[in-house]
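Subject: Structure for your review

Dear colleague,

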Amino acid sequence: MSTTLERERGGRVARVTYDNSRRGNCFDQALLTELADVLEEAAADPACAVIRLELAGRNFCGGWDTSSFEALAAAGTDAVAADLRTSDESLGRIRRLPVPVVAAVRGQVIGFGAGLLAAVHLPVAASDVRLSLPEVRYGFAPAGVGHTVAQALPRAQAYALLTGTTATAAQLLAWGLVARVVTETTLDAEVDELVESLAAVPGDALRAVVEVVESSIATGSPAAAYEISARTIVRPPAEGADR
């Protein structure tokens, strides 16, 4: 199994580790499904407030497993489009987790890795991180990652990145694809500190914050946020109290 789960701080923190480091942490659909399954398992525990996602080794993600490209090229258009939708739906499962995911981002973020990066709630990047989308060099256009980049970046920058320009950590921060940039030597300590500060937030407040942010992004309306906030403000009466 490439993905493991450990619980810390009495269950408040779930540490999920993905280790395909011998292949640069690349993914195929089976590995991506496994990661999404384990992340959902971690978040399903009511005690869990935050997930720390660890990508083992020197690189955050080496992209999609290139050994599958030849078979994809020989498949029909409908079959390939269905596969692309499936991988994007798996990333959607990560984006829709009810607790925030914090991840240290180091080394290279390649191709599909940009989609994974965008699915993480609070990615913290080392200053020497580089993101590249090499798909065009293989003769094809990115699908879900292309959509993510087009939505997140200014138009000209999206074209530049999708046609071969490499992005720096500073650019990822400016585009809102990472929460902060720190030195490589302090990366793990910074992530530890962030996870500890989130774990200290009382009750289910973090889950409520995730609901507010994600519902606001999805709908463009504050309607759901009013109800979510009200749930955190109004406390049910203590058992046995006068009603």
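A cavity, as the word is used here, is a set of grid points where a 1.4 Å probe fits but cannot get out, and its lining residues have an atom within 4 Å of a point. Please bear in mind throughout that this is a predicted model.

Cavities

A search of the whole structure finds two cavities of 30 Å³ or more. The largest cavity holds about 40 Å³ of space. Its lining consists of Ala114, Thr148, Val149, Ala152, Leu161 and Leu177. Helix H5 (residues 144–152) supplies the largest share of that lining, with three residues. By class, the lining of the largest cavity has five nonpolar residues, one polar residue and no charged residue.

The second largest cavity contains about 30 Å³ of space. Around it lie Gln157, Ala160, Leu161, Thr165, Thr166, Ala167, Gln171 and Trp175. Here the largest share, three residues, belongs to helix H6 (residues 155–162). The lining of the second largest cavity divides into four nonpolar and four polar residues, with no charged residue.

Helices H5 and H6

The two helices named above also pack against each other. The axes of H5 and H6 come within 8 Å and cross at roughly 150°. Angles over 145 degrees count as roughly antiparallel, so H5 is roughly antiparallel to H6. Their crossing is right-handed. On the H5 side the contact is made by Gly146, Val149 and Ala150, and on the H6 side by Ala158, Leu161 and Leu162. These residues divide into five nonpolar, one polar and no charged.

Helices H1 and H3

Helix H1 (residues 29–44) packs with H3 at an angle of about 20°, their axes being 9 Å apart. Angles under 35 degrees count as roughly parallel, and H1 is therefore roughly parallel to H3. H1 passes H3 in a left-handed crossing. From H1, the residues that take part are Gln29, Leu32, Thr33, Leu35, Ala36, Asp37, Leu39 and Glu40; they meet Thr86, Ser87, Ser90, Leu91, Arg93 and Ile94 in H3. By class, this contact has six nonpolar, five polar and three charged residues.

Helices H3 and H4

Helix H3 (residues 77–95) has a further contact, with helix H4 (residues 112–119): the two axes come within 8 Å and cross at roughly 25°. H3 and H4 are therefore roughly parallel to each other. The crossing of H3 and H4 is right-handed. Leu91, Ile94 and Arg95 in H3 meet Phe112, Gly115, Leu116, Ala118 and Ala119 in H4. The residues of this contact comprise six nonpolar, one polar and one charged. Within H3, Leu91 and Ile94 meet residues of H4 and also take part in the contact with H1.

Yours sincerely

Methods. Residues numbered from 1 in each chain as written. Predicted model: local features only at pLDDT ≥ 70, side-chain atom pairs only at ≥ 80, totals over all residues. Heavy atoms only, no water. Axes fitted to C-alpha atoms, helices over the stretch in contact; angles between N-to-C directions. Helix = DSSP H or I, 4+ residues; strand = E, 2+ residues; numbered from the N terminus. Parallel < 35°, antiparallel > 145°, perpendicular 65-115°, else oblique. Left-handed = near helix turned anticlockwise from the far one by under 90°. Contact = heavy atoms within 4.5 Å. Nonpolar A, V, L, I, M, F, W, Y, C, P; charged D, E, K, R; others polar. 1 Å grid on protein atoms, 1.4 Å probe; cavity = no way out; pocket = protein on both sides within 12 Å on 5 of 7 lines; lining within 4 Å. Points joined across faces, edges and corners; volume = space filled by probe spheres on them.
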